[in-house]
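This report covers the overall dimensions of one protein chain and then a few of its residues.

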Amino acid sequence: MDNRALTRAFKLAAQLMELHDENPFKIRAIEGTANALDALSFPVSEVERSGLPDRTGLSKTAAAKVAELLDTGTFSDLQRLLDATPPGVVEMLGIKGIGPKKIRALWHELGIESIEQLRDAAENDQVSKLKGFGKKTQESILEALEFAGQSKGKLLYPQAEQLAADLAHHLRDALKTDKVAVAGEIRRRLETVEVVVLVAATDQPLKAHELLNSLDGLTADPRRSGPFAWRGTATQSGVWVEVLLTTVENFVTELFLNSAAENHLTEGLPGPESFGPPATLRQWARREKFQQEEALYEKAGLQFIVPELREGLGEIALAAEKRLPRLLEDGDLGGSLHNHSTYSDGNHTLREMATWLRDHGYEYLGICDHSQAAHYANGLSAERVRQQHQEIDKLNAELAPFRIFKGIESDILGDGSLDYAPDVLASFDFIVASVHSNLKMDERKATERLLRAIENPYTTMLGHPTGRLLLRRQGYPIDYKAVIDACAQHQVIIEINANPWRLDLDWRWVRYALDQGVMLSINPDAHHTDGYADMRYGVLMGRKGFLTKEMTFNTKSVDEAAAYFEARKSNIKPPLEFKKSLFE
């Protein structure tokens, strides 16, 4: 059990305690344990149980609960609460926008014990009549339930990738072969996954079925399976799982055919003259047996197309002309921008966030703690901005040539303005402008709000443009072309927020941004040193949109980034309407 799983368990316990109206001091203690675990930079599971208090800083009581959780998968307080709560009520705690207190009222006053009952009650206008709810809350619940229904049976990319990797490991061991590969939506690097697909070469298909039927967490669907295909679901998430069994000779063909969108496989293309009329890639794959996918594309007269581009969105025409670019790679990144520290809602100090990057070969950190409007995230007042900048100056003198750039994630207010006066904004090296409040906007209002922020001369970068949380919350609708065109006009960088819950800017708009000359930045939005690993997911999404090293801002060296920020600031003429100084 990793630190994140431990943290989730204690957060669930705190929610359940609030649901059951238990002692608020005990609730805060459990929440404190969750926060302490989340802040640790080493795996708690590897610590000797007797040494947990010293290594983690937890009290002996809290450490004992952690030890129990590690050893048994639960702890007494959590299990007591789970035993006292209907499973459907526990599931309701995951609904975005309603907390434990409201769920308690729904449970005790309306007798609602499942999501289905909650939907019925809301549709019959029963929820709005409860004290503290009303029509707007009822509408929000219905919207959240509709979105949750659309998200059911889907996984975020990292979750699906881990599930597929575990299954592939089991299959390789059982079948004694290395010809087992992850295919489908995971290999194409889609941000959410509905079907987990693996292809395995074996002359023992029955053995593969026996293995898959024996694994905990999988539920077979015999009606949709066959001798050469095991199909079923991952029990916990409900995501569909397919394991396709083939021969060694056909392995590459089956892997290819199950690693591309239908449009990629069926688009017509010219083949060598000896083969007569144009063919599709599916037809090419069926004409002969290939030992490598590269050979298949070469035979079809195409430049090799990596799986993440196989969407049928113009990549074949580029490959036919040998014009596919070299795509961005993890190793191209020179630094990490848009990160948080303990100054706002991060788990690690400035020094810890900086030294982790330095020790892992990066040249710079862009710190972007939350701004003053973000009270919920301990946003920085003007005075605290000054204090942070003083600490950054000291750290930069100590850590050079590594550099910390002075950034801020400035809230875009309802009217599109940023939440500091020009004097404060001018004190930063760069500014990421993001929307965090008043998310219920129509397309016109959301677009106008973003356009005004983009026009602000202090905005260096636009953060998570739609505010979406994948499988949790829809983003607010925006006119993508208008927003991207405005970024091009005002030379504003757009981030691909690499947090797996966001992955925003959506990869489907990356190519349009590149065509308009807009640079992108792979930003992890890290609140913990573990969060830096999320840059990988941003790179994958960028690659799907044809992102190159040259068009990725944080591939710049520290000197290049510094020069860019300085040049941009030197050209700023503060708007006349912004005169008041928050430093006064």
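## Surface and overall form

The accessible surface of the protein amounts to about 26700 Å², and carbon and sulfur atoms account for 49% of that area. Accessible areas come from the Shrake-Rupley method with a 1.4 Å probe; for residues, only the protein chains shown count as cover. The model is predicted: local features need pLDDT of at least 70, side-chain atom pairs count only at pLDDT 80 or more, and totals for chains, interfaces and linings use all residues. Residues are numbered from 1 along each chain as its sequence is written, and side-chain values use heavy atoms, with hydrogens and water left out.

The protein has 25 helices and 14 strands, taken as DSSP runs numbered from the N terminus (helices: H or I, at least four residues; strands: E, at least two). Its radius of gyration is 26 Å, close to the 25 Å that the globule rule gives for 584 residues, so the protein is as compact as a globular protein of that length. The radius is taken over C-alpha atoms, and the rule is 2.2 Å times the number of residues to the power 0.38. Along the principal axes, the C-alpha atoms fill a box of roughly 80 × 60 × 55 Å.

Of the 584 residues, 53% are buried; buried means under 20% relative accessible area, exposed over 50%, and partly exposed in between (1.4 Å probe, protein chains only). Contacts (heavy atoms within 4.5 Å) between residues at least 6 apart in sequence join residues at least 24 apart in 68% of cases.

## Gln-388

Gln-388 sits in helix 19 (residues 382-399) and is buried, with a relative accessible area of 0%. Its side chain makes a polar contact of 2.7 Å with the side chain of Asp-369. A polar contact is a pair of N or O atoms within 3.5 Å; within protein, one must be able to donate a hydrogen and the other to accept it, and residues adjacent in sequence count only if both atoms are side-chain atoms. Leaving aside residues up to four places away in sequence, Gln-388 touches Ser-341, Tyr-343, Leu-350, Ile-367, Asp-369, Leu-380 and Gly-407.

## Backbone exceptions

Most residues other than glycine have a negative phi, and most peptide bonds are trans.

| Residue | Phi | Relative accessible area |
|---|---|---|
| Asn-438 | about 50 degrees | 55%, exposed |
| Leu-503 | near 45 degrees | 2%, buried |

Asn-438 lies in the loop between strand 11 (430-434) and helix 21 (443-455), and Leu-503 in the loop between strand 13 (493-497) and helix 23 (510-515). Ala-400 and Pro-401 are joined by a cis peptide bond with omega about 15 degrees.
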